[in-house]
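Trainee: I would like to learn how to read a structure, one feature at a time. Where do we start?

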Amino acid sequence: MGDQLSPKLSALGGADKARDTIFMCEVAAEATYVKHHKKKMALIFAAMRAFADGLRAQGWQVDYVTLDDPDNGGSFDTEVARAVARRRPAALITTKASEYRVLQMQRAWCESLACTVHLLEDDRFICSTARFNAWADDGRKQLRMEFFYRDMRRFTGLLMDGDQPVGGQWNFDHDNRKPAKAGLSFPKVKRFPPSASTQAVLGLVASRFPDHFGDLEPFWFGVTAHDAQASLDHFIDYALPQFGDYQDAMLKDQKFLYHSLISFYLNLGLLDPLDTCRAVEAAWRAGHCPLAAAEGFIRQILGWREYVRGLYWREMPDYAAANALNAQRHLPDFYWTGDTDMTCLKSAITQTKEEAYAHHIQRLMVTGNFALLAGIKPDEVHEWYLAVYADAFEWVEMPNTIGMSQFADGGLLASKPYASSGAYIDRMSDYCAGCHYNVKEKSGSKACPFNYLYWDFLVRHREKLANNPRMAMMYRTFDKMEPSKQKAVLESARVFLGALGSVYPAF
Ligand code: FAD
Ligand code: DLZ
Ligand code: SF4
């Protein structure tokens with residue numbers, strides 16, 4: 001499958017070049033079950049073709065069905081059934097899909113296909129689902145990432161001195177998270193000119209999916225493990241030392257800052273997560289970067305990435321329908337166009353359209369924060385994130401959206417909602433200076449919508465959130481506000497949300 005492009009995939013493990021055929025297929029159903037960004041599809045198809053070429057070059061037989069094959073039936077089900085009829089294999093050996101929906105299809109093949117089906121675990125993750133479940137079931141009241149992460153540090157020995165964390169503490173976050181200041185210089189992004197094969201894919205995507213979101217070109221993603229490794233090396237050389245400091249900063253004219261731009265390579269299987277963490281640890285041990293940068297980066301992969309995957313498999317399929325805050329508003333159209341006067345949203349969405357990329361804080365504290373405050377239906381928010389980012393696969397996107405960003409799981413993942421007023425965005429970015437709205441104003445037509453939506457959100461969810469110790473101070477602040485100010489703020493929110501668009505009747 002398109003996100004299983006790893007030579008050490010379990011399904012390839014016991015394979016024999018003389019006997020076995022590797023089967024891959026490009027199918028319309030996977031491209032359209034959500035309308036993926038054009039760049040994301042081009043990346044997946046180009047990387048699949050490059051992977052198949054690599055296998056052939058090593059002497060494997062590859063049966064590869066292209067999207068424009070006239071006999072292509074358009075789904076994994078049709079193409080696997082056709083391949084089995086064509087080749088009459090004794091067995092189909094497949095690695096479990098990364099997504100619940102596709103795993104159900106694979107399970108059904110065990111019954112429907114005229115051959116034995118072996119479904120193997122996907123062991124490309126550092127933490128198996130069994131290990132995650134054992135951790136989660138170990139008498140815990142809460143499944144907090146920080147404790148999982150410490151367990152994974154001990155398990156892998158990453159950044160450890162014996163059984164103690166190097167530097168005497170597990171987490172150096174308080175050293176990170178500075179706003180970007182004037183005069184910083186940013187590394188160039190590692191870009192790869194499209195090969196002839198990638199050019200053909202670009203043509204295919206342009207002609208087959210013209211109505212999908214996003215700009216197809218310029219297309220600069222790498223499509224091979226070699227390209228992915230070069231991107232990681234480039235990040236370590238030029239950006240890692242500053243990664244921690246400016247991890248949460250946002251700048252209008254800098255889309256990538258010191259981020260690694262490797263999530264799509266990791267998620268396709270072109271980079272190995274443990275090798276990636278070890279390379280970053282080695283850079284720190286060689287004195288190339290501060291410990292806070294290496295620890296901050298390793299935490300994202302060893303901690304967050306593994307944790308959300310464990311949570312996904314533990315909570316599916318119910319997780320997809322979670323809506324703890326009963327949010328019922330439709331996703332506003334401007335998420336697809338960027339056509340809004342709110343500079344932060346316009347900037348994050350426009351960049352998403354151009355690059356199929358936005359960094360974590362843009363996703364969490366701009367587009368996610370707005371959807372949370374405005375009460376957008378979590379499943380619509382989830383579909384948007386799944387469609388628009390090149391790195392979006394459900395196992396990683398859904399917990400980040402439903403759990404971290406929308407608090408729709410009621411606090412399973414996050415100890416409090418990631419909700420903020422405009423002040424946070426102003427502190428961490430240069431968006432507000434040129435905005436139509438005034439980030440210092442709290443109510444009225446020129447006030448920053450995040451300001452009054454924030455209070456409105458708290459008031460709407462008082463019953464569910466007021467008892468959360470991490471929210472108590474904000475409720476006290478609101479309660480101390482003069483009644484006329486409270487009224488003005490809530491009235492501004494009412495007017496804004498009224499103009500924002502449709503709401504389901506239950507809201
Ligand atoms: P860097 O900032 O350089 O971080 C390094 C690596 O750490 C990333 O490549 C990624 O593999 C990992 N990482 C960092 N944060 C997270 C996280 N919260 N969860 C899992 N891995 C993380 N990430 C995805 O890979 N796919 C998604 O579909 C996705 N959807 C998201 C949706 C929302 C609403 C939010 C708030 C976050 C989402 N993330 C997702 C997490 C994060 O935003 C991206 O991993 C990151 O922006 C990718 O850019 P980068 O490679 O430059 O990351
Ligand atoms: C996302 C995607 C797309 C757009 N197309 C294909 C495809 O044509 N063939 C394929 O094997 N995989 C594709 N993918 C990735 C799958 O959707 C992905 O493997 C599942 O989401 C994982 O369960
Ligand atoms: Fe965003 Fe408000 Fe700042 Fe405008 S003023 S950029 S809407 S946070």
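Predicted model: local features only at pLDDT ≥ 70, side-chain atom pairs only at ≥ 80, totals over all residues.

**Reading the model**

Mentor: Residues are numbered from 1 along each chain as its sequence is written, chains are lettered from A and ligands numbered from 1 in the order in which they are written, and side-chain values use heavy atoms, with hydrogens and water left out.

Trainee: Where is Asn-468 placed, and is Asn-468 buried or exposed?

Mentor: Buried means under 20% relative accessible area, exposed over 50%, and partly exposed in between, with a 1.4 Å probe and protein chains only. Asn-468 has a relative accessible area of 14%, so it is buried. Its place is the loop between α21 (462–465) and α22 (472–480). Helices are DSSP runs (H or I, at least four residues), numbered from the N terminus.

Trainee: How does Gly-410 count by relative accessibility?

Mentor: Gly-410 counts as partly exposed because its relative accessibility is 47%. Gly-410 sits in the loop between α18 (394–405) and α19. Sequence and space can also be set side by side: Gly-410 and Cys-432 are 22 residues apart in sequence and 31 Å apart in space, C-alpha to C-alpha.

Trainee: Which residues surround ligand 3?

Mentor: A residue is near a molecule if one of its heavy atoms lies within 4 Å of it. The residues around ligand 3 include Met-342, Cys-344, Cys-432, Cys-435, Cys-448 and Phe-450. At least two residues of this shell come from each of α15 (343–355) and α19 (422–428). Sorted by class, the shell has ten nonpolar, two polar and no charged residues. Here Ala, Val, Leu, Ile, Met, Phe, Trp, Tyr, Cys and Pro count as nonpolar, Asp, Glu, Lys and Arg as charged, and the others, Gly among them, as polar.

Trainee: Which residues touch the most other members of the largest nonpolar core?

Mentor: In soluble globular proteins, nonpolar side chains tend to be buried together. A nonpolar core is a set of buried Ala, Val, Leu, Ile, Met, Phe, Trp, Tyr and Cys residues joined through side-chain atoms within 4.5 Å. The largest one here has 162 residues, and Leu-240, Tyr-307, Leu-345 and Phe-370 touch the most other members. Helix α13 (residues 291–315) gives the most to this core, with twelve residues. A second, separate core of 14 residues includes Cys-25 and Phe-76.

Trainee: Where is the kink in α13 centred?

Mentor: The bend at a residue is the angle between axes fitted to the seven residues ending there and the seven starting there. In α13 there is a kink of about 35 degrees, centred on Arg-299. Of the 25 residues of α13, 20 are buried.

Trainee: Which residues does a cis peptide bond join, with omega about 0 degrees?

Mentor: Most residues other than glycine have a negative phi, and most peptide bonds are trans. Glu-217 and Pro-218 are joined by a cis peptide bond, with omega about 0 degrees. Another cis bond, with omega about 10 degrees, joins Met-316 and Pro-317. As for phi, Leu-257 is not a glycine, yet its phi is positive, about 45 degrees. Leu-257 is buried, at 3% relative accessible area.
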